[in-house]
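Subject: Structure handover

Hi,

Here is the structure I promised to pass on. My notes follow below it.

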Amino acid sequence: MKLSSKGRYAVMALADIARFNSVNPVSLRDISLRQSISLDYLEQIFLKLKKNNIVKSIRGNQGGYILNKSPNDIKLTNIFQAVDEK
C-alpha cells in the first residue's frame with residue numbers, strides 16, 4: 001500500500017493525540033512540533049477529520065483536539081476516507 005503524505009500525517013497526528021491525550025485536548029501546535037509537520041498542513045487535515053467525526057475541537061485557552069472515539073474504535077480506512085486517501 002502506498003500512502004500520500006496527507007494520509008501518513010493524519011495517522012501520525014491521531015496516534016500523537018491518542019498517546020498524549022489523557023484528559024486535556026492536544027493543540028495542533030504541539031503535534032506540529034513533536035511530529036515535524038507543518039501547522040498549516042495539519043489544520044487542513046484536521047478540518048477533514050473533524051468534518052468526518054474522527055476528532056472534536058475544544059475552544060479556549062486550553063483548547064485543542066480530542067478523539068471522538070476510543071483509539072481502538074478508529075479504523076485506518078476511516079482516516080484515509082476522511083482525508084480523501086484512496
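What radius of gyration would a compact globule with 86 residues have, and what does the chain have? The globule would come out near 12 Å. The chain has 12 Å, so the two agree. Please keep in mind that this is a predicted model.

Overall build

The C-alpha trace spans about 40 × 25 × 20 Å along its principal axes. The chain holds 4 helices and 2 strands. Reading from the N terminus, the order is α-α-α-β-β-α. Take the contacts in the chain with a separation of 6 or more: 59% of them come from residues 24 or more positions apart.

Surface and charge

Of the 86 residues, 33% count as buried.

Start with D16. It sits in helix α1, which covers residues 5–20. Is D16 buried or exposed? Its relative accessible area is 3%, under the 20% cut-off, so D16 is buried. Which residues does D16 touch, leaving out those up to four places away in sequence? They are V26, I31, R34 and Q35.

S32 has a relative accessible area of 13%. That is also under 20%, so S32 counts as buried. Setting aside neighbours within four places in sequence, S32 is in contact with I37, S38, L39 and L42. Helix α3 runs over 39–51, and L39 and L42 are in that range.

Two loops with positive phi

S36 is placed in the loop between α2 and α3. Its phi is near 55 degrees, a positive value in a residue other than glycine. Buried or exposed, then, for S36? S36 has a relative accessible area of 64%. The cut-off for exposed is over 50%, so S36 is exposed.

N53 lies in the loop between α3 and β1. N53 is not a glycine, yet its phi is positive, at about 60 degrees.

The hairpin

How do strands β1 and β2 run, and how many bridges join them? They run antiparallel, and 4 bridges join them. β1 covers residues 55–58 and β2 covers residues 64–67. Together the strands form a hairpin, with 5 residues between them. G60 is in the turn and has a positive phi of about 115 degrees.

V55 stands opposite L67 in β2. S57 stands opposite Y65 in β2. In a regular strand the side chains alternate between the two faces of the sheet.

Where to look

To go through these points in the viewer, begin with D16 in helix α1. Then take S36 in the loop between α2 and α3, and N53 in the loop between α3 and β1. Finish at G60 in the turn of the hairpin.

Best wishes

Technical notes. Residues numbered from 1 in each chain as written. Predicted model: local features only at pLDDT ≥ 70, side-chain atom pairs only at ≥ 80, totals over all residues. Heavy atoms only, no water. Buried < 20%, exposed > 50% of the residue type's maximum accessible area, 1.4 Å probe, protein only. Contact = heavy atoms within 4.5 Å. Rg over C-alpha atoms; globule rule 2.2 N^0.38 Å. Pairing = 2+ DSSP bridges.
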